[in-house]
Structure formats: structure tokens, C-alpha cells
Amino acid sequence: ALRPSYGLSGEAGQVVTVLGRHFEQAEELMCRFGLDGAVRGLYMTSTMVACSAPSHGVGTVAVTISTGGDAASLSSARFSYGAVVSSCSIYPTSGPASGGTVVALTGADLTKGTQDL
């Protein structure tokens, strides 16, 4: 599992925590984001490695952890790079402090669909 499992495309350096099992502390600890994005991993515990996500275009990539020649494939570990929203407006612009107001976002470079925030 990854925490978080998404970031902005074109941005490097977001810290991603990889949760798994049997990670080993090694000088060659690497995090691979897709086929091209290999970065050094930081061993935290045998179940946690921290990685700095490399810059990448919009899309989803598999994340693997390796120590030297051995790669641990994490079948459910996918990191999604999303587009940077270039402009956006929100309606309504305010609501009650108790919450519950449904808002609409309109703009360029938004992902299709609905999501509760």
C-alpha cells in the first residue's frame, strides 16, 4: 500500500510511504515508480519504506521496492500522477459552519467524475 497514492504530475519530491512486509535495510534500497523513475528509498521499519516520488507525466505507475538485484513487486501499489489544475472556480463560495453544503468545481484540467472530499 502507498500513503499517499497520488501526486501532481511534473512535481518531484513528494514523500510516499510504502507499506509492505519483509523490507530489509540495505545501501541499495531503491523505489521504482514505473519503468523509468528509480529513486533511493529510506528504510523506516521492516514494514515501511519512504520514497521521494520522481517527476512524471499524468498517469498511473506501478511501484516496486528493491535491495540490490532483488525486487519486491507490490501488486496493489500504484501511484497516480494527476494534472495540475490550471484554473478553477467554486460555487457556492461559502456555507454554514456546520458543513454539509454541496459545492461544484468548474475549470480546466480537472479529472472527470465525482469525489467526496
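Of the 117 residues in the protein chain, 22% are buried (under 20% relative accessible area; exposed means over 50%, partly exposed in between; 1.4 Å probe, protein chains only). The model is predicted: local features need pLDDT of at least 70, side-chain atom pairs count only at pLDDT 80 or more, and totals for chains, interfaces and linings use all residues. Residues are numbered from 1 along each chain as its sequence is written, and side-chain values use heavy atoms, with hydrogens and water left out.

The protein chain holds 0 helices and 10 strands. Helices (H or I, at least four residues) and strands (E, at least two) are DSSP runs, numbered from the N terminus. The order from the N terminus is β-β-β-β-β-β-β-β-β-β. Among contacts with a separation of 6 or more, 50% link residues 24 or more positions apart; a contact means heavy atoms within 4.5 Å.

A search of the whole structure returns 1 disulfide, defined as a pair of cysteine sulfur atoms within 2.5 Å. The partners are C31 and C51, with sulfur atoms 1.9 Å apart. C31 sits in strand β4 (residues 29–33) and C51 in strand β6 (residues 48–53), so the pair ties together parts 20 residues apart in sequence. The torsion about the S-S bond is about -70°, so the disulfide is left-handed. C31 is buried at 0% relative accessible area. C51 is buried too, at 2%.

Strand β5 (residues 37–45) pairs with β4 in the antiparallel sense over 4 bridges. Pairing requires at least two DSSP bridges between two strands. M30 stands opposite R40 in β5. The β4–β5 hairpin has 3 residues between its strands, and G34 there takes a positive phi near 75°. β5 also pairs with β6, again antiparallel and over 4 bridges. Here T45 has M48 in β6 as its bridge partner. The hairpin joining β5 to β6 runs through 2 residues.

The accessible surface of the protein chain is about 8000 Å², and carbon and sulfur atoms contribute 53% of that area. Areas come from the Shrake-Rupley method with a 1.4 Å probe; for residues, only the protein chains shown count as cover. I90, V103 and L105 form a nonpolar surface patch with about 260 Å² of accessible area together. Patches are made of residues with over 30% relative accessible area and no salt bridge; like charges are joined within 9 Å, nonpolar side chains (Val, Leu, Ile, Met, Phe, Trp, Tyr) within 5 Å. A salt bridge is a side-chain nitrogen of Lys or Arg within 4 Å of a carboxyl oxygen of Asp or Glu. I90 belongs to strand β9 (residues 87–91). I90 counts as partly exposed because its relative accessibility is 46%.
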